[in-house]
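Q: Can you walk me through this one? I have the sequence and the coordinates open.

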Amino acid sequence: MIEARDISVAIGGKRIVAHVDFTARPGEVSAIVGPNGSGKTTLLKALTGELPYTGTVTLNGCDLSAMKPIEAASLRAVLPQATALSFPFTVREIVRLGLIGGRSGVLPGEDTRLPERALARVDLDGFGARFYQELSGGEQQRVQLARVLCQVWAPVLEGRPRYLFLDEPVSSLDVKHQLIIMNIARDFAWRGGGVVAILHDLNLTAMYADRIFVLSGGQLAAAGAPVDVLNDELIEKVFGCRLKVGALPEGSMPFVLPQSAA
Amino acid sequence: MAEQSIAGAPRVMAAEGDRSARARAVIALLCLALTLSVFLSLTSGASDASAVRVIRDWFTGAVPADAALAARDQLIVYDIRMPRVLLGALIGAALAVCGAVMQGLFRNPLADPGLIGVSAGSSLGAVAIIVLDATWLAPVTLAFGTLALPLAAFFGGLAVTLLLYAIATRQGRTSVATMLLAGIAISALAMALTGVLIFMADDRQLRDLTFWQLGSLAGATWPKIGTVGPVIILAIAAMPFLSRGLNALALGEATAGHLGIPVQRLKYTAIVGVSAAVGASVAVSGGIGFIGIVVPHVLRLAIGPDNRYLLPASALLGASLLLIADAVARTIVAPAELPIGIVTAVAGAPFFLWILLRKRGVIDL
């Protein structure tokens, strides 16, 4: 379980996140949603120890601020929004970096083939020899996800659940790969791990999230199951536009929902 | 990119995009190259002394026919060439490895040890001794004799680096970007002070410091190796422990931390190690340019940017190249000697350009 109590983060004297409580349970996908600039990424960076914060964050009951980097790395992996490289690494060399901590959770010896398995998992079979910088933004994002998966390949290690932190994992992906990546996240949770993801697509959020945390102006506006949180009033209050949840477009206007995937 | 098959590489089917087998083959070749370079440096020079004969006599215990000639040869090989070869190998390795580490730390293929101010600080220290040795700094030269210059250069470099580190570190976090920018300012200041000293120098001192700035291994003696050798060896020996961390750092500081790397300790170790090794190198050999940028670059094109292989390969290639450059510097205008910095630049620059032109596609990535 990830438990965060009374988290506040200030950057350059300006408070970006104020007094947020957050809980992510193993076995669940927890989504963080909210408009641009509402503090989603800042909250995630506090939860992963990347930014200094006030309040407490615990991972499986242990205080995050007292953990060494290598201990935290064995409990959770983090996918940033985008990653730029300065040297010509091949895709395989990048994915292999996920094994640096040595706690992937597969049997000894299976590690050597793990980058290939992870690449196949994100639908990048055969991309190992390509240069990372030659790939499109969406492909790069999936390479990084493969690296992150290598780090915590087993969702549960030595009886303790592990966690994936995903900052907009699907924002640069086509719809097919959005579904593939979200299925990976849900599968990770089903097998006992926990997932914390920042999402923008409310339909995908409704479809995959077990719990939603809605941020607005750095504060928690709502938290709960999708069916309880996603309603007309909240969307108008938080996003500032009048949308009707569950309303169909008029007439013959086509629309495509991820929920219709076979 | 098509995999090139290299003779002697393991026949195990490597995974696509895994360049470690090729890297190991290249490292094996570089070991061979270093052995050949050492042999070449020991046997070539202004004198006709035969290193082969000296070594053979030493091994077989044979008594040479001409004792006086043998004694001269022994002196040349043991007391002049051997320390020079050892020092050249150490400095070449140090400059190349430090270049690779700086590039990994700053996440920039153009970074070199000069960025953390160590070169400017060393120059200031050395030039101060050359110009002021008879006046303000007379007590220093009196106390340390011929070691005064290397010591001043070493501590000058270290002082500037530690000052920059202090400027760039806030709340236990070192900002690499701040360090880079402050480095430009502090280096400019150090160079201005060096300029003042040059302005004060007389003709003899000007000649001395010009030659010092061009770099040379001519001053190599066993006592000097005893002074700077341990510093350089320690710093080089620490570098392999940085390789995993530097690999992770290629993804950014935050991601390196998430992967379990203690980033602040990595930065501190790299900066102090580099400034010690480069300070010690510059102290005894002056400014030898080019090795620190070219060697890691060429190797990255050959074996990729994985620091587990890049760092040892850089050490081997840097040592070999400097030995070969020094052999050329000693023989091409014999019995005089060309400053080695000229040789490394004249030979290195066109070669580097040629590599760049051939591999433009990869470099632009």
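A: One definition to start with: two residues are in contact if their C-beta atoms, placed from the backbone, lie within 7 Å. Also, this is a predicted model.

Q: OK. Leaving aside neighbours within four places in sequence, what is Gly121(B) in contact with?
A: Gly156(B), Gly157(B), Ala159(B), Val160(B), Thr161(B) and Ala190(B).

Q: And which helix is Gly121(B) in?
A: Gly121(B) belongs to H4(B), residues 118–132.

Q: Buried or exposed, that Gly121(B)?
A: Buried, because Gly121(B) has 30 C-beta neighbours inside 10 Å, and the cut-off for buried is 20 or more.

Q: How far is Gly121(B) from Ala152(B)?
A: Their C-alpha atoms are 9.4 Å apart in space, with a separation of 31 residues in sequence.

Q: Zoom out to chain B. How many helices and strands?
A: Chain B has 16 helices and 2 strands. Its length is 365 residues, and 48% of them count as buried.

Q: What share of the contacts in chain B join residues at least 24 apart?
A: 78%, counting contacts between residues at least 6 apart in sequence.

Q: Now H1(B). Why does its end-to-end distance agree with what a helix should span?
A: H1(B) covers residues 20–43, which is 24 residues, and at 1.5 Å a residue that should span 34 Å. The end C-alpha atoms are 35 Å apart, so the two agree.

Q: Which residues of H1(B) are buried?
A: Ala23(B), Val26(B), Leu30(B), Leu34(B), Ser37(B), Ser41(B) and Leu42(B).

Q: How does H1(B) pack with H3(B)?
A: H3(B) is residues 67–106, and the two helices pack at about 145 degrees with their axes 9 Å apart. The crossing is right-handed.

Q: Which residues make that contact?
A: H1(B) supplies Val38(B), Ser41(B) and Leu42(B), while H3(B) supplies Val77(B), Arg81(B), Val85(B), Gly88(B) and Ala89(B). Sorted by class, there are 5 nonpolar, 2 polar and 1 charged residues in the contact. Ser41(B) and Leu42(B) are also on the buried list for H1(B).

Q: Different topic: the interface. How many residues of chain B are in contact with chain A?
A: 29 residues of chain B, against 29 residues of chain A.

Q: Which elements of chain B give two or more residues to that side?
A: H10(B), residues 243–249, and H11(B), residues 253–258. H11(B) has the largest share, 4 residues.

Q: And by class?
A: The side of chain B that touches chain A has 13 nonpolar, 9 polar and 7 charged residues.

Q: On to chain A. What order do the strands take in the sheet of 4?
A: E2-E1-E4-E5, in an open sheet with antiparallel pairing. E2(A), 14–24, and E5(A), 62–63, stand at the edges with a single partner strand each, so one side of each is left without a neighbour in the sheet.

Q: How many bridges join E1(A) to E4(A)?
A: 5, with E1(A) at residues 2–11 and E4(A) at residues 54–59, running antiparallel. Among the partners, Ala4(A) bridges to Val57(A) and Ile2(A) to Leu59(A).

Q: What about E4(A) and E5(A), how many bridges there?
A: 2 bridges, again antiparallel. Leu59(A) has Cys62(A) as its bridge partner in E5(A). The two strands form a hairpin with 2 residues between them, and Asn60(A) in the turn has a positive phi of about 50 degrees.

Q: And the sheet of 6 strands, what order?
A: E6-E9-E10-E3-E11-E12 of chain A, an open sheet with mixed pairing. E6(A), 76–79, and E12(A), 219–224, are the edge strands, and the twist averages 15 degrees from one strand to the next.

Q: How do E3(A) and E11(A) run?
A: Parallel, joined by 4 bridges. Val33(A) has Val214(A) as its bridge partner in E11(A).

Q: Which strands does H5(A) lie across?
A: E6(A) and E9(A), running at about 175 degrees to E6(A). Of the 15 residues of H5(A), 13 are buried, so this helix is largely enclosed by the rest of the structure.

Q: And H9(A), which strands?
A: H9(A), residues 232–239, lies across E11(A) and E12(A), at about 160 degrees to E12(A).

Terms used
Residues numbered from 1 in each chain as written. Chains lettered and ligands numbered in written order. Predicted model: local features only at pLDDT ≥ 70, side-chain atom pairs only at ≥ 80, totals over all residues. Expected span 1.5 Å × (residues − 1). Buried ≥ 20, exposed ≤ 12 C-beta atoms within 10 Å, placed from the backbone. Axes fitted to C-alpha atoms, helices over the stretch in contact; angles between N-to-C directions. Left-handed = near helix turned anticlockwise from the far one by under 90°. Nonpolar A, V, L, I, M, F, W, Y, C, P; charged D, E, K, R; others polar. Pairing = 2+ DSSP bridges.
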